[in-house]
Amino acid sequence: LAWYSLGKNSELRFINDAGVSILGYSSKKEMISKGGIYLKDYVHPDDYNILYDLHTKLKKLGDSKRIELRVFANKSEIKILEGIISLEKAYSGKLLFHFAFSDITSIKQMEENFMYKTNEFSALINNLPGGVCALNMTTSPQVLYTSEQLYTLFGMDKQTIHNLVEKDFFSIFHPQDVKLAKEAMEEIKKTRRAQDITLRIIYKKNDYKYVNIRAALLESKDIPDILFVILLDIDQQKRTEANFIQQKQLVNLVLDQSDIMLWRYDIVNSKCSVKFFQDELQGKSRGFKDIKNFPEAFVQKNSLEESSIPVFLDICKKLQQGELEAEGICAFREESGTIWRKIKYLNFFDEKGNPSYAIGCGTNVTEMVALEQRYADELSYKKDIDRNNLLEFLSADLNKNQIIDHEIYADFLSFKNSSFSKFITYCADQIINKEESEKFLEVFSIQNMMKVYNSGERNLDFVCKIQTLENKKFLWLNIYCHFVWLFYFHL
């Protein structure tokens with residue numbers, strides 16, 4: 001402690017024994033006789049103006065400022081003092097400056113030594129996706145070194161971070177993670193082994209982010225305990241993981257409430273995980289094994305009805321050839337009987353663009369198939385009843401562009417089992433009124449009919465004039481189409 005007067009040539013009025021010792025003297029008498037009574041006799045010339053400027057900022061009683069300055073010890077050795085200067089009233093009633101200081105010379109030397117040793121690694125350290133710091137843990141935490149990236153990681157300036165660490169080291173952590181941080185610190189001190197832990201740190205004072213912390217105690221002859229800490233920014237990764245867990249829980253909920261099956265087809269290794277894909281998501285096991293040599297081995301297990309084998313193999317072939325999606329309806333032989341499932345695959349590709357694996361989804365459409373079949377039967381029955389009122393009847397597989405059946409004039413017999421598009425073109429050229437032939441081709445193109453079906457419509461009407469082949473007369477004709485998805489015809 002020291003008291004000294006105000007003004008440019010401040011005089012020492014009091015200094016305690018500890019202060020005398022720091023300044024390199026054995027007694028106050030020796031100090032005054034050798035060093036003098038003026039403050040400028042002890043303070044380094046380069047720092048004295050800094051000290052005087054600080055004095056001018058202390059304008060009222062109780063004002064204080066922190067300062068670090070160099071002083072001469074015993075007229076020769078330079079020491080570094082750190083302390084607080086305040087404007088106080090002495091016992092005599094006079095205003096004096098009060099300086100409470102400590103000798104930090106050894107600490108500053110240790111910092112310089114440490115910085116010298118770490119400077120060569122600064123370029124590497126500053127390019128890490130996080131930050132690096134070193135703390136003197138001999139007594140209370142004191143910052144020795146921080147990388148530039150550390151300030152970005154915390155979203156704060158250098159001084160703010162230093163103040164937080166030195167005031168309360170654990171205040172930089174999320175309140176819920178402080179206990180984990182303290183336990184890790186105790187473990188480091190106890191075992192002197194490095195610790196690896198994921199915690200949340202404060203970010204911009206009012207937010208938090210996840211970091212992975214690797215901390216270890218280093219020893220040197222200058223500082224017994226240097227805590228070297230590497231903090232890696234993993235906030236985006238952790239938030240993505242949290243989002244994935246939420247999405248996974250949602251998927252599990254949906255799958256639990258549905259009859260949807262999911263599985264994985266490894267195209268590269270010709271293997272399929274026939275256990276339910278959601279079992280993997282939910283950590284369950286139903287005892288299924290992977291099928292190798294897929295899809296051939298699966299077909300050989302008699303898992304499919306005979307009529308569905310070509311459809312199933314065609315789906316897998318499309319995936320192997322690199323199509324993004326492939327789907328179809330197949331009849332599966334299961335314990336409860338034949339189950340119709342609409343299966344759809346989504347293909348995933350490797351970095352070279354080759355098909356790697358596909359995720360398959362199977363939905364039970366047994367009831368839909370039964371209803372469609374019933375409707376087809378009713379349609380066939382209605383056709384028999386109304387046969388005498390129909391001019392023509394034709395059915396076609398639009399997926400294969402193939403006529404399946406028809407009851408038309410003998411001139412059209414050659415079209416059976418041939419191209420539906422070819423038949424439509426013939427009708428536009430030979431039968432449909434020329435003024436309406438273009439519209440006829442547009443309406444009954446496979447592309448348009450598929451578009452109508454996919455929009456949810458099941459019927460299509462078209463009225464036009466035709467010229468009969470027998471007497472070359474024009475008649476008005478109503479063309480009525482009904483779309484049916486049949487498991488043996490498709491659309």
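The questions below take terms used for this predicted model and set its values against their definitions.

This is a predicted model, in which local features need pLDDT of at least 70 and side-chain atom pairs count only at pLDDT 80 or more, while totals for chains, interfaces and linings use all residues. Residues are numbered from 1 along each chain as its sequence is written, and side-chain values use heavy atoms, with hydrogens and water left out.

Q: Why is histidine 174 called buried?
A: Buried means under 20% relative accessible area, exposed over 50%, and partly exposed in between, with a 1.4 Å probe and protein chains only. Histidine 174 has 13% relative accessibility and therefore counts as buried. Its place is in the loop between H7 and H8, where helices (H or I, at least four residues) and strands (E, at least two) are DSSP runs numbered from the N terminus. Leaving out residues up to four places away in sequence, histidine 174 touches Arg200, Ile201 and Tyr208, contact meaning heavy atoms within 4.5 Å.

Q: What makes arginine 239 partly exposed?
A: The relative accessibility of arginine 239 is 42%, so this residue counts as partly exposed. Arginine 239 is found in helix H9 (residues 235–256) and, apart from its neighbours within four places in sequence, is in contact with Tyr208 and Lys209. Arginine 239 and lysine 209 are 30 residues apart in sequence, and their C-alpha atoms are 9.3 Å apart in space.

Q: How many cavities of 30 Å³ or more are counted, and by what rule?
A: On a 1 Å grid over the protein atoms alone, a cavity is a set of points where a 1.4 Å probe fits but cannot get out, and lining residues have an atom within 4 Å of a point. By this rule the count comes to 3 cavities of 30 Å³ or more. Of the 24 residues that line the largest cavity, Phe169, Phe173, Ile213, Leu227 and Val229 are the closest to its centre, and the largest share of the lining, 4 residues, comes from H8.

Q: Why do strands E13 and E14 stand at the edges of their sheet?
A: The open sheet of 6 strands has the order E13-E12-E11-E16-E15-E14, with antiparallel pairing. Strand E13 (290–292) and strand E14 (325–334) each have a single partner strand, so one side of each is left without a neighbour in the sheet.

Q: How do you know that strands E12 and E13 pair?
A: Two strands pair if DSSP finds at least two bridges between them, and 3 bridges join strand E12 (residues 271–273) to E13 in the antiparallel sense. Lysine 271 has lysine 292 in E13 as its bridge partner.

Technical notes
1 Å grid on protein atoms, 1.4 Å probe; cavity = no way out; pocket = protein on both sides within 12 Å on 5 of 7 lines; lining within 4 Å. Points joined across faces, edges and corners; volume = space filled by probe spheres on them.
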